[in-house]
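Q: I am new to this structure and would like to learn how to read it. Could you walk me through some features, one at a time?

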Amino acid sequence: MGKGSAQGESTLGTAQSQWKQTSLKSGHLSFHVSHMRLTNSIVKEPMVIGHEYAGVVEEIGNEVTHLAVGDNVTLEPGVSCAHCSHCKEGRYNLCDEMKCFATPPIHGCLANFVVHPASLCFKLPENVSLEEGAMCEPLSVGVHACRRAGAGPHTKVLIMGSGPIGLVTLMAAKEFGFPRVAVVDVDENRLKMAQELGAHEVGCVSTRIEDVEKEVLEIQQKMAAGIDITFDCAGLEKTMRTALKATRSGGEVCLVGMGHVEMKVPSTAAAAREVDILGLHRYRNTYQLCIDLISSGRINVKPLITHRFRFSQEDVVKAFNVSAMGGSAIKVMFNI
Ligand SMILES: NC(=O)c1ccc[n+]([C@@H]2O[C@H](COP(=O)([O-])OP(=O)(O)OC[C@H]3O[C@@H](n4cnc5c(N)ncnc54)[C@H](O)[C@@H]3O)[C@@H](O)[C@H]2O)c1
Ligand SMILES: [Zn+2]
């Protein structure tokens, strides 16, 4: 596939001058796929996947001053319109015109070459590898969740779900100085990883709705001082019910996960205790911070990369099978 391939251009040819774009090659890309739908985005036609990417600059436009050919960069995948009220307010992640890698009908970046606006290409320092650069995307979700919750050094946190997103939220929560972080999941392998990454408490829960009351009590007993913020990083009816009941009066529940599109939750009881529900859509203005956190050694994303594959037909099939297993497979990385 050649530089400036039709694929890359069709993905990113909107609203940006070609000469402010950057072509990249030799990328590293991680992924985790399980269904063909995310909220209102439904894959209806064959689509290239991939939105967690880092690569080497192959060519730059003549107006680009902050990058040079040969630089290692990580790509923020969403191109917003820059003109709507959300974009003007700086909340560009809410832009209705957002064109994001691998959000239908936009193709993703699992490709040998991609073309991307230079302003969304972030140069990696020498001590940050391409693999770590690709991890800035999921880490951004955890950073944005912690920022949204506006928590401080006294905040006690519960994280529901220790998949990649729960784990990056754990990393960000620890870096943001939250003194006590508990993580629950249904999978012991994932909880083991959460413990290794510094969760103060971990708990294995069931998938049964009828266990919510009992589990809420167990969680509250473990977190004796009360839970100020719960990050639901699974987004299922059971996890949201647990989150709304377990969080202290006046606390917050941040709904990060998108497991169930609709759910029945004890909303009135939660409202009567002034438990606020915060939504979350990706992230904004997080990439440079994530690079700095990784470069300074304050966050180590390497343990999350559990499997690596080459970008060949045979390896791609193996990689999808490993990722679909879940469990000890967290991030599966392609070395392109
Ligand atoms: N809001 C956003 O912008 C945003 C961004 C990225 C991902 N997401 C969403 O975040 C969610 C998590 O992503 P991921 O990559 O970590 O997925 P994942 O499926 O790997 O992780 C979900 C975890 O939840 C656990 N789980 C399942 N049932 C549970 C239960 N009853 N109680 C506790 N834990 C339970 C699973 O075992 C798993 O470890 C997904 O729904 C994804 O779509 C949202
Ligand atoms: Zn916009």
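Q: Which residue is the bridge partner of Cys254 in β15?
A: Strands of a sheet pair through backbone hydrogen bonds, either parallel or antiparallel. In this predicted model, Cys254 has Leu278 of β15 as its bridge partner. Strand β14, residues 247–255, pairs with β15 in the parallel sense, over three bridges.

Q: In what order do the six strands of the open sheet run?
A: The order is β12-β11-β10-β13-β14-β15, with parallel pairing. At the edges stand β12 (201–204) and β15 (276–278); each has a single partner strand, so one side of each is left without a neighbour in the sheet. From one strand to the next, the twist averages 20°.

Q: Which strands does α5 touch where it packs on the sheet?
A: Helix α5 touches β10 (156–160), β11 and β13 (227–232). The direction of α5 makes about 175° with that of β11.

Q: How should I read a pair of helices, and at what angle do α4 and α10 cross?
A: Two packed helices are described by the angle between their axes and the distance between the axes. Here the axes of α4 (residues 136–149) and α10 (residues 287–295) come within 9 Å and cross at roughly 105°. That makes α4 roughly perpendicular to α10. On the α4 side, Cys136, Leu139, Ser140 and Val143 take part, and they meet Tyr287, Leu289, Cys290 and Ile291 of α10. By class, this contact has seven nonpolar residues, one polar and no charged ones.

Q: What should I look for in the backbone itself?
A: Most residues other than glycine have a negative phi, and most peptide bonds are trans. In this model, a cis peptide bond joins Pro104 and Pro105, with omega about 5°. Pro105 sits in the loop between β7 (99–100) and β8 (114–117). Ala82 has a positive phi, near 75°, and its place is in the loop between β6 (78–79) and α2 (85–89).

Note on methods: Residues are numbered from 1 along each chain as its sequence is written. Chains are lettered from A and ligands numbered from 1 in the order in which they are written. This is a predicted model: local features need pLDDT of at least 70, side-chain atom pairs count only at pLDDT 80 or more; totals for chains, interfaces and linings use all residues. Two strands pair if DSSP finds at least two bridges between them. Helices (H or I, at least four residues) and strands (E, at least two) are DSSP runs, numbered from the N terminus. Axes are lines fitted to C-alpha atoms, for helices over the stretch in contact, and angles run from 0 to 180 degrees between N-to-C directions. Two residues are in contact if their C-beta atoms, placed from the backbone, lie within 7 Å. Angles under 35 degrees count as roughly parallel, over 145 as roughly antiparallel, 65 to 115 as roughly perpendicular and the rest as oblique. Ala, Val, Leu, Ile, Met, Phe, Trp, Tyr, Cys and Pro count as nonpolar, Asp, Glu, Lys and Arg as charged, and the others, Gly among them, as polar.
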